[in-house]
Amino acid sequence: MTIQWFPGHMAKARRQVTENLKLVDIIFELVDARLPLSSRNPMLDSIIHQKPRLLILNKADMADEHETQKWVTYFEERNQVAVAINSLEGKGLQKVTKAAQGILAEKFDRMRQKGMKPRAIRAMIVGIPNVGKSTLINRLAKKNLAKTGNMPGVTKAQQWIKVGKDIELLDTPGILWPKFEDQEIGYKLALTGAIKDTVTNMEDVAVYGLKFLATRYPNRLQDRYGFSVLHEDLVETFDHIGKLRRVFGQGGEIDYDQVAEIIVRDVRGLNFGRLTFDFVDEMLQE
């Protein structure tokens, strides 16, 4: 299966990001803490150039805590300031403001030395769909100013949002890139919900999820489904899960579509616990 998803409003959003760079002091790049590399848009580097950037690893409550800390260290060792937060519950938000102030300290010192009045930091928040941008904005602003949803593609227009006295945010729609060079990235994004289910083959995504769990979290697979090693014939694996969850169609046969949905839903719903899909050790080996 080849996974591609690049709606027209995303191409427009990319142009808007480019056009509005001059209006902001810093970029807030929001990524999914479960996949800190795979959920980064490689186009951003060429779009924002040398503009200061803060990398925000959101949904840290859903990611393997040990791996998240390794990623924060990995980025910091490469001179990229990174913070891990949980915007849904409002945890770690103070780190965003503090980190942004630290990154821009020299710029604002120069402004004061020139006699310019203090003002709020102007930031543009960018990221791929469904990484929690709107939820983060609403938490920072302490109001429901940005539309939220658990489906990618909810935000489709830009808007300025004041966050207390310290920050003014320019929200942008989620932007994916036109082509995934590595299809595994596509599977990871599909499995975690960054790509609409309607444009993917759910059975293929579920199979990817099972293989990933068997490789990285076999004990979690054992606890949830009663096996840690997949059958050579994956139909048998689907049959096992279907019987376990009593998912039968007409004639008493296993409903494989429902089994696939169960697997994906279990991954997204933390029924396997906190999972990370990108690993620092794999990155360093490559």
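Modeller: Asn79 is exposed, with a relative accessible area of 75%. Exposed means over 50% relative accessible area, buried under 20%, and partly exposed in between, with a 1.4 Å probe and protein chains only.

Biologist: Before we go on, what kind of model is this, and which cut-offs apply?

Modeller: This is a predicted model: local features need pLDDT of at least 70, side-chain atom pairs count only at pLDDT 80 or more, and totals for chains, interfaces and linings use all residues. Residues are numbered from 1 along each chain as its sequence is written, and side-chain values use heavy atoms, with hydrogens and water left out.

Biologist: Back to Asn79. Where is the place of Asn79?

Modeller: In the loop between α3 (65-77) and β3 (82-84). Helices (H or I, at least four residues) and strands (E, at least two) are DSSP runs, numbered from the N terminus. Phi of Asn79 is near 60°, a positive value in a residue other than glycine.

Biologist: What about Arg246: buried or exposed?

Modeller: Arg246 counts as exposed, at 65% relative accessibility. Arg246 sits in the loop between α10 and α11. Its phi is positive too, near 55°.

Biologist: Let's move to α10. Which residues of α10 are buried?

Modeller: Helix α10 covers residues 234-244, and Thr237, Phe238, Ile241 and Gly242 are buried there. Seen down the axis of α10, the buried residues fall within an arc of 135°, so they line one face of the helix. The arc is taken from the directions from the helix axis to the C-beta atoms.

Biologist: Why would a helix show that spacing?

Modeller: An α-helix has 3.6 residues a turn, so residues three or four places apart point the same way.

Biologist: What covers the buried residues of α10?

Modeller: The cover includes α8 (202-216), α9 (218-225) and α11 (256-268). Contact here means heavy atoms within 4.5 Å.

Biologist: Now α7. How many of its residues are buried?

Modeller: Helix α7 (residues 183-192) is mostly covered, with 7 of its 10 residues buried. They are Gly186, Tyr187, Lys188, Leu189, Ala190, Leu191 and Thr192. Their cover includes β1, α8 and α11. Gly193 follows α7 and has a positive phi, near 95°.

Biologist: You mentioned β1. How many of its residues are buried?

Modeller: 7 of its 7, for residues 26-32. Both faces of β1 are covered: Ile26, Phe28, Leu30 and Asp32 on one side, Ile27, Glu29 and Val31 on the other.

Biologist: Which strands pair with β1?

Modeller: β1 pairs with β4 (residues 121-126) in the parallel sense over 4 bridges, and Phe28 stands opposite Ile125 in β4. β1 also runs parallel to β2 (residues 53-58), joined by 6 bridges. Two strands pair if DSSP finds at least two bridges between them. Asp32 has Asn58 of β2 as its bridge partner. From β1 the chain crosses through helix α2 (residues 43-48) to β2, and this β-α-β crossover is right-handed. That term means the path from the first strand over the helix to the second runs clockwise, with the strands pointing away from the viewer.

Biologist: And the whole chain: how many helices and strands?

Modeller: The protein chain has 12 helices and 6 strands. Buried residues make up 50% of its 286 residues.
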